[in-house]
Amino acid sequence: NQVGYLKNGFDILVETETLTDQSDLGEMKIDTITKEKGTCTFSLFNCSLETIADQYPTAAYSKDSTSNVEVTEVGGLDNMDDTEHVIVFYHSDTQNGDTVAVCVGKNMSGFENAWKQDSVTPFTCKFNMQPYTDTGRFYRLVHTPKDYKWAE
């Protein structure tokens with residue numbers, strides 16, 4: 001289920017909040033991560049009306065079967081689709097082996113559309129990563145050896 005072709009790659013950002021404290025005399029110190037969150041940002045080069053509706057939570061797509069007119073409507077919190085998406089990015093590298101990034105997320109940011117005569121304006125998606133295990137894992141990187149044969 002390829003969503004589209006990327007423009008300018010993708011970005012994964014993992015952020016933390018920390019707690020640092022120590023006793024008055026400095027004999028005991030605590031450094032720990034108290035919260036973590038991840039976001040995944042990418043832009044689709046070949047976005048269609050249906051893709052916008054699939055990727056934005058308040059958008060809906062319809063197509064008239066007689067005229068083939070397509071419509072995507074955006075907005076209205078009552079129209080919220082809370083679907084989580086599995087996002088997989090695959091980087092093929094014949095010299096060093098392939099890398100695959102996997103996360104589960106929801107597109108929680110707005111978007112911008114523009115139509116220009118001389119260029120394509122990619123559709124930017126920013127997904128908040130969601131835990132996919134009961135231990136809170138939200139991002140997985142897989143690196144395969146050179147010449148690894150993927151199952152068909």
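This text walks through the salt bridges and then the pockets of a predicted model.

Start with the charged pairs. Side chains of opposite charge can pair when their charged atoms come close. The structure holds three salt bridges. They are taken here one by one.

Glu 15 and Lys 37 form one of them, with N and O 3.8 Å apart. This pair ties together distant parts of the chain. Glu 15 sits in strand E1, which covers residues 6-22. Lys 37 sits in strand E2, residues 29-44. The two partners are 22 residues apart. Glu 15 has a relative accessibility of 33%, so it counts as partly exposed. Lys 37 is partly exposed too, at 48%.

Next come Lys 29 and Asp 31. Their side chains meet in a salt bridge, again described by an N to O distance, here 3.8 Å. Lys 29 is exposed, with 52% relative accessibility. Asp 31 is exposed as well, its relative accessible area being 52%.

The remaining pair is Lys 106 with Asp 82. Their closest N and O atoms lie 3.0 Å apart.

Now turn to the empty space. Rolling a probe the size of a water molecule over the atoms shows where such space is left. The largest pocket has a volume of about 470 Å³. Its lining counts 20 residues. Nearest the centre of this pocket lie Val 3, Gly 4, Ile 87, Val 88 and Phe 89. Which strands build the lining? E1, E2, E5 and E6 each supply at least two residues. E5 gives the largest share, seven residues. By class, the lining of the largest pocket has 13 nonpolar and seven polar residues, and no charged ones.

The second largest pocket has a volume of about 190 Å³. Thirteen residues line this pocket. Cys 47, Asn 113, Ala 114, Trp 115 and Thr 121 lie nearest its centre. The lining of the second largest pocket divides into eight nonpolar, four polar and one charged residues.

Technical notes
Residues numbered from 1 in each chain as written. Predicted model: local features only at pLDDT ≥ 70, side-chain atom pairs only at ≥ 80, totals over all residues. Heavy atoms only, no water. Salt bridge = Lys/Arg side-chain N within 4 Å of Asp/Glu carboxyl O. Helix = DSSP H or I, 4+ residues; strand = E, 2+ residues; numbered from the N terminus. Buried < 20%, exposed > 50% of the residue type's maximum accessible area, 1.4 Å probe, protein only. 1 Å grid on protein atoms, 1.4 Å probe; cavity = no way out; pocket = protein on both sides within 12 Å on 5 of 7 lines; lining within 4 Å. Points joined across faces, edges and corners; volume = space filled by probe spheres on them. Nonpolar A, V, L, I, M, F, W, Y, C, P; charged D, E, K, R; others polar.
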